[in-house]
Amino acid sequence: MNGPEPGVAAGPGAGAGPVTIGDLALEVRSKNAGPFWVTMELFMRGADGYALVADPSFLDEYVVAGLYRVDPGTVQMFRIPSLNVVKISFPRPVTQGSLRDRDMHAGQHHVPLARLPVPSRGEHP
Amino acid sequence: MNATERVSVLVPAGMLGAGFAEATVERGLALGADVIAVDGGSTDSGAHYLGSSTSKSTAGAVARDLRSLIKAAARADIPLIIGSCGTSGTDDGVDWVADIAARVMAEEGLDLPVARIYAEQQAGTLEEMLGAGRVHPLPPLGELQVGTLESCAHIVAMMGHEPIAAALEELGEAGTGARVVLAGRATDTALAAALPLMRGMPAGPTWHAAKIVECGGQCTTNPRAGGVFVTIDHHGFTIEPLDPESACTPISVAAHMLYETVDPFQMREPDGTLDVREATYVALDERTVRVEGSRFHTAEQYTVKLEGARVAGFETMSFTAIRDPLILADIDAWADLLRTTLTQWVTDKLALSEDEYAFDIRLYGHNAVLDDLEPATAPPREVGVMLLVNAVDQATATAVAKVANPLMLHLPTPRMDYLPSLAFATSPAEVERGPAFEFVLNHVVDTTPLEMFRIERRAGGS
């Protein structure tokens with residue numbers, strides 16, 4: 001159950017290892033949007049960081065679906081250049097408050113997304 | 001002052017009972033508030049509050065906030081609107097807040113007219129609506145089944161602004177005089193939108209402003225500093241924090257459309273959809289923001305959303321902790337052994353089949369929060385082991401947890417040839433949590449603004 005996740009570095013967090021989305025963001029957050037949805041926002045530091053995460057060849061519905069093991073068809077993405085924000089919403093795989101729900105407000109589920117390594121400069125995935 | 005040119009709304013906090021600085025309310029009154037609006041509830045904390053029809057906030061905290069707001073409304077001669085009373089907006093919740101308000105008014109020598117708006121729904125009535133094809137699912141849920149309605153402990157409908165406006169009208173001339181509206185479940189936005197819409201403010205700016213202020217200071221640079229003050233006019237709205245040290249910036253205001261929403265550009269209300277794709281956010285000074293360009297598209301069909309909660313078994317929790325690095329080095333194997341041994345022991349000792357109970361083992365400090373989505377692999381320094389058991393009744397859940405007790409005290413890893421002793425956090429280790437509730441409705445009803453809500457007027461001191 002603890003095998004490597006698709007797209008996630010197994011290395012240590014900030015400081016060492018590859019540069020992640022979290023390293024380039026002011027804040028990466030997640031929250032419930034009603035009892036049946038979770039929503040996440042990447043608040044990027046500037047236009048460069050925004051351009052990186054807003055690029056569908058790096059981050060799209062399929063990458064999100066892989067990180068969270070959900071159906072890519074249920075993932076909604078909103079790219080908001082005026083705020084340097086990418087917002088992602090999808091139905092909660094585990095119902096809020098059920099026996100298997102370990103995060104009532106879904107407030108800690110941003111971490112796999114924040115740990116996603118960004119492509120190094122000049123490199124195209 | 002021409003009341004038809006603009007309407008100002010004072011939102012003292014994101015939730016009644018959260019508390020706020022007295023000075024921020026004073027400031028809102030000095031700025032010329034026409035109405036005080038505050039949310040009394042939320043579904044964020046889970047289905048427990050709707051299922052059990054109890055409040056998340058204490059009576060003491062609600063009384064403290066109500067005292068301040070009722071006195072402010074009386075002094076300024078403006079209405080006070082409270083929505084989703086008692087956290088979930090059940091009929092009990094409305095009456096609970098009304099009783100507290102009556103007590104506060106008696107103590108303060110006030111007797112403001114009070115309207116209660118009830119939002120609770122009967123399963124039988126909803127079954128008829130379902131049969132008539134008037135109930136529709138919202139994603140990700142499917143078509144509603146009759147049995148689901150009957151299984152709910154409580155069902156509420158989320159009112160729009162119309163029942164609140166009707167209550168205000170019933171209590172006096174539109175928009176003048178102190179009075180208190182205690183609403184059951186309502187959309188977060190309906191509270192702040194009701195009076196501006198009554199006075200002819202346009203729907204686009206009104207609903208957008210109401211969405212921005214629904215969490216109080218969340219749309220400011222210091223969300224903990226308290227409430228906000230918004231003025232809606234015929235062209236847009238202007239917003240500032242009530243705390244003079246805090247600020248609204250174009251980013252802080254625009255970003256609030258992201259908060260707890262699936263879609264940051266469009267938001268459905270009972271009578272239509274707010275559309276902020278063309279909205280502009282401009283700083284008037286270092287702490288005030290002007291918003292224009294918000295639109296509202298009236299829907300062909302008026303709909304009201306349902307919320308329902310039902311009992312999903314009873315839970316007992318037990319909690320132990322591990323510090324021994326020999327166990328922590330092999331923590332996943334230890335947890336697997338706990339799962340298989342507990343399942344076997346429950347079969348042997350309690351003769352329960354697997355559909356009569358379920359349990360979840362959470363390794364706090366290791367991967368409890370993200371479980372199999374957890375990307376980190378480093379061994380933890382210490383781990384809290386939570387066992388959560390769900391069963392058809394409390395006694396069965398506790399019996400399973402008690403079977404687990406010696407395992408949570410002495411279970412070794414598969415590679416250890418002696419019995420360790422682990423660190424229980426409390427004695428007794430088991431905590432009975434009572435019924436566990438789950439949300440089961442995410443459906444809308446084709447209806448009219450007032451059909452599903454009941455307005456009762458009572459004197460303040462009663």
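## Exercises on salt bridges and the A–B interface

Lys31(A) and Asp44(B) are joined in a salt bridge, with their closest N and O atoms 3.3 Å apart. The model is predicted, so local features need pLDDT of at least 70, side-chain atom pairs count only at pLDDT 80 or more, and totals for chains, interfaces and linings use all residues. Residues are numbered from 1 along each chain as its sequence is written, chains are lettered from A in the order in which they are written, and side-chain values use heavy atoms, with hydrogens and water left out.

**Exercise 1.** Work out how many salt bridges there are between chain A and chain B.

*Solution.* Begin with the rule, which asks for a side-chain nitrogen of Lys or Arg within 4 Å of a carboxyl oxygen of Asp or Glu. Applied between chain A and chain B, this rule gives a count of six salt bridges. Then look for linked residues: Arg100(A), Arg102(A), Asp360(B), Arg362(B) and Asp371(B) form a network of salt bridges.

**Exercise 2.** Decide whether Glu240(B) and Arg287(B), which meet in a salt bridge, are buried or exposed.

*Solution.* First, the N to O distance of the pair is 2.9 Å. Finally, apply the cut-offs, by which buried means under 20% relative accessible area, exposed over 50%, and partly exposed in between (1.4 Å probe, protein chains only). Glu240(B) counts as buried because its relative accessibility is 14%, and Arg287(B) counts as buried at 11%.
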